[in-house]
Amino acid sequence: MTIALTSSPMQHGQLETNRLMLLVIAACLPGVGIGTWFFGYGIIINITLAVLAAMVLEAMLLTLRKRDLKFYLSDNSALVTAVLFGIAMPPGSPWWLVLAGIAFAIVIGKHAYGGLGQNAFNPAMCGYLFLLLSFPLQMTSWHIPSDAIVDAANFSPLGWQGLRQSMLLSFPFLAADAATVQATIDGLAMATPLIESKMAAQNALLTARDTDLPLFARSSDTGWEMVNIGYLLGGLLLLYKRIISWHIPVSIIGTVTLLSLLMYAPGSTSIVGTTYLHLFGSATMIGAFFIATDPVSAATSNLGRIVYGIIIGVSIYTIRVWGSYVDSIAIAVLFGNFCAPLLDHYLRPRVYGHQRAPLLGEKRRTG
């Protein structure tokens, strides 16, 4: 008689890590596509540069750490970091800026802590904040090639000239001389609508809304609504697939919405941005659904995730309104990452049947 030795019955997940990461990237595609339509090919160039550099650095570091190259590269974690970092970078950023940021993200933000599953902070936001503190001018301007500004009402496609101008913005050494770059590239530098609202009395997004222009008929300077809608749809897909839970995005968006409703004072110089502008005029949607929900650096219990999201939402609004950095997603998420271990310690669920130990000076109840 033979005895079959088997392990206990387990519930298996439907998605492996590599497929889960690919679904996250797929959920980003609506926002990336809309961003490319409105702001030119610079977003695609940023993502391409970041992905190539991230995969090379990942392979080098895995080799130095004597890890199985095929196994760890195939988890696609470096790919997701590179895509999110490339999306966060302003289109038209010079190539060296993208490479410096993704190198910091992979080397310091990820592998310095031990690699996937060990990083205390979101690697993509580590790289972004490193660049924001080191190169604030380059990181707060969105340079848009003139031919990349499209007429969405006629659905005119981005042509070869727009691609050429985007390439020259990222790789100015491809031009014959400096005069060629100046003649080819429009020097227009654009900020997000939220920055415009803080620095000026009005911005293009609110002007377009107030004049009742159709959403699909707006030019690239007011494309932020469509970009945020794209990332909102992608985030809903992640919720539907149960790749993320609702606790973090709902608490972030709810907190930002509540604070902007309570604190906004029309005409005030100290309080910036309507609720509409905070939700659709910056990076709120991608921050809430794609960045703050990193399963490694975020809180793990349901209550902890809610408090974690509230901390990030309060930080986003506080930094935007009273701080120097209006696009505050990276700083807020990293601060939330800093608080996550403390939240996991104090807000972890109690084991069923386990009696809580009495606090100092508290008498244990008996009977």
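Here is a short chat about the predicted model shown above.

Colleague: Hi! What does the secondary structure of the protein come to?

Modeller: Hello! In this predicted model, the protein has 17 helices and two strands.

Colleague: And how much of the protein is buried?

Modeller: Buried residues account for 47% of the 367 residues. As for the surface, the protein exposes about 19,000 Å², and 65% of that comes from carbon and sulfur atoms.

Colleague: What about contacts between residues at least 6 apart in sequence, what share joins residues at least 24 apart?

Modeller: That share is 73%.

Colleague: Let's get to helix packing. At what angle do α4 and α6 pack?

Modeller: The angle is about 35°, and the axes of the two helices are 8 Å apart. Helix α4 covers residues 77-88, while α6 covers residues 123-134.

Colleague: Is that crossing left-handed or right-handed?

Modeller: The crossing of α4 and α6 is right-handed.

Colleague: Which residues meet there?

Modeller: From α4, Thr81, Leu84, Phe85 and Ala88 take part. Their partners in α6 are Pro123, Ala124, Met125, Gly127, Tyr128 and Leu131. By type, the contact of α4 with α6 has eight nonpolar residues, two polar and no charged.

Colleague: What does threonine 81 touch, leaving out residues up to four places away in sequence?

Modeller: Threonine 81 touches Ile102, Ala105, Ile106, Pro123 and Ala124.

Colleague: Changing topic: how far apart are the end C-alpha atoms of α2?

Modeller: They are 33 Å apart. Helix α2 runs over residues 42-64, and at 1.5 Å a residue its 23 residues should span 33 Å, so the two values agree.

Colleague: One last residue. Where does glutamate 225 lie?

Modeller: Glutamate 225 lies in helix α12, which spans residues 224-240.

Colleague: And why does glutamate 225 count as buried?

Modeller: Because its relative accessibility is 2%, and buried means under 20%.

Colleague: How far is glutamate 225 from isoleucine 34, going by C-alpha atoms?

Modeller: The C-alpha atoms of glutamate 225 and isoleucine 34 are separated by 9.9 Å, with the two residues 191 apart along the chain.

Notes. Residues numbered from 1 in each chain as written. Predicted model: local features only at pLDDT ≥ 70, side-chain atom pairs only at ≥ 80, totals over all residues. Heavy atoms only, no water. Axes fitted to C-alpha atoms, helices over the stretch in contact; angles between N-to-C directions. Helix = DSSP H or I, 4+ residues; strand = E, 2+ residues; numbered from the N terminus. Left-handed = near helix turned anticlockwise from the far one by under 90°. Contact = heavy atoms within 4.5 Å. Nonpolar A, V, L, I, M, F, W, Y, C, P; charged D, E, K, R; others polar. Buried < 20%, exposed > 50% of the residue type's maximum accessible area, 1.4 Å probe, protein only. Areas by Shrake-Rupley, 256 points an atom, 1.4 Å probe, with all protein chains shown as cover. Expected span 1.5 Å × (residues − 1).
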